[in-house]
There are 2 protein chains.
Amino acid sequence: MNLRRLFSRTCSAPAARDRLQLLLAHERAAVGGSDLLAKLRDEILGAIAKHVQIDGDKVSIKMERGDQVSTLAVDIEIPFEAAKKAA
Amino acid sequence: MNLRRLFSRTCSAPAARDRLQLLLAHERAAVGGSDLLAKLRDEILGAIAKHVQIDGDKVSIKMERGDQVSTLAVDIEIPFEAAKKAA
């Protein structure tokens, strides 16, 4: 899994804001099975919100559920002040 | 950010285990700044451990810190029984 290259390539021009991107993928051995990502989504967002202030309209959350692979993609723009507070 | 394609391509042969892959990237507006990922790592792993049983030796954690982008990559194999318990 060499996703880091993708993230480093998508490094936009010096942004005035920090950016947090998360991708979570659950590959199931059996079709169907648990909706683990739905359970994890709120807890992970809660953990992030403890450390940085999140603007509701600067958060993009996409979930996709396939037969064997479900993915959760979260993209958060962090206001510059909030990022400094987390330092 | 179309990372989902990558995950779906890397979908291995029907595995006897479920697999959870996480990639977290923090793109900072200013060089230096907070080590947000180090703070989030344990909380996110804790959230995951609440829902599935994790074997210490089936967990791979890689963190990389660049000037502007830090990444956290976690790859967890979930024993089939544990995945059913989470259902």
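## A friendly note on a two-chain predicted model

1. Let us begin with one pair: in this predicted model, the side chains of A:Gln21 and A:Asp75 are joined by a polar contact of 3.3 Å. (A polar contact is a pair of N or O atoms within 3.5 Å; within protein, one must be able to donate a hydrogen and the other to accept it, and residues adjacent in sequence count only if both atoms are side-chain atoms.) A:Gln21 sits in strand β1 of chain A and, at 8% relative accessibility, counts as buried. Buried here means under 20% relative accessible area, exposed over 50%, and partly exposed in between, with a 1.4 Å probe and protein chains only.

2. Some ground rules before going on. Residues are numbered from 1 along each chain as its sequence is written, while chains are lettered from A and ligands numbered from 1 in the order in which they are written. As the model is predicted, local features need pLDDT of at least 70 and side-chain atom pairs count only at pLDDT 80 or more, whereas totals for chains, interfaces and linings use all residues; side-chain values use heavy atoms, with hydrogens and water left out.

3. Chain A in outline. Its secondary structure comes to 3 helices and 3 strands, in the order α-β-α-β-β-α from the N terminus on. Helices (H or I, at least four residues) and strands (E, at least two) are DSSP runs, numbered from the N terminus. Of the 87 residues in chain A, 44% are buried. The accessible surface of the chain comes to about 4,200 Å², and 51% of this belongs to carbon and sulfur atoms; such areas come from the Shrake-Rupley method with a 1.4 Å probe, and for residues only the protein chains shown count as cover. Among contacts (heavy atoms within 4.5 Å) in chain A between residues at least 6 apart in sequence, 65% join residues at least 24 apart.

4. The strands of chain A. Two strands pair if DSSP finds at least two bridges between them. β1(A) and β3(A) are antiparallel partners over 10 bridges, with A:Glu27 standing opposite A:Val69 in β3(A). β3(A) also pairs in the antiparallel sense with strand β2 (residues 59-65), over 7 bridges; here A:Val59 has A:Ile76 as its bridge partner. Between β2(A) and β3(A), which form a hairpin, lie 3 residues.

5. Where the chains meet. β1(A) and β1(B) run antiparallel and are joined by 9 bridges. One of the residues involved is A:Glu27, whose bridge partner in β1(B) is B:Arg19. β1(A) is mostly covered, with 9 of its 10 residues buried.

6. A nonpolar core is a set of buried Ala, Val, Leu, Ile, Met, Phe, Trp, Tyr and Cys residues joined through side-chain atoms within 4.5 Å. The largest one has 30 residues, and those with the most contacts inside it are A:Leu20, A:Leu22, A:Leu24, B:Leu20 and B:Leu24. Strands β1 and β3 and helix α2 of chain A, together with β1, α2 and β3 of chain B, each supply at least two residues of this core. In soluble globular proteins, nonpolar side chains tend to be buried together. B:Leu24 touches residues of both chains, among them A:Leu20, A:Leu22, B:Leu40 and B:Leu72.

7. A:Leu37, a residue of helix α2 of chain A. A:Leu37 is buried, with a relative accessible area of 1%. Beyond its neighbours within four places in sequence, A:Leu37 is in contact with A:Leu24, A:Met63 and B:Leu20, among others. A:Leu37 and A:Leu72 are 35 residues apart in sequence, with their C-alpha atoms 6.7 Å apart in space.

8. Two residues of chain B to finish. B:Leu23, in strand β1 of chain B, is buried at 0% relative accessible area; 49 residues separate B:Leu23 from B:Leu72 in sequence, while 5.7 Å separates their C-alpha atoms. B:Ser70 lies in strand β3 of chain B and is buried at 2%. A polar contact of 2.8 Å joins its side chain to that of B:Arg28.
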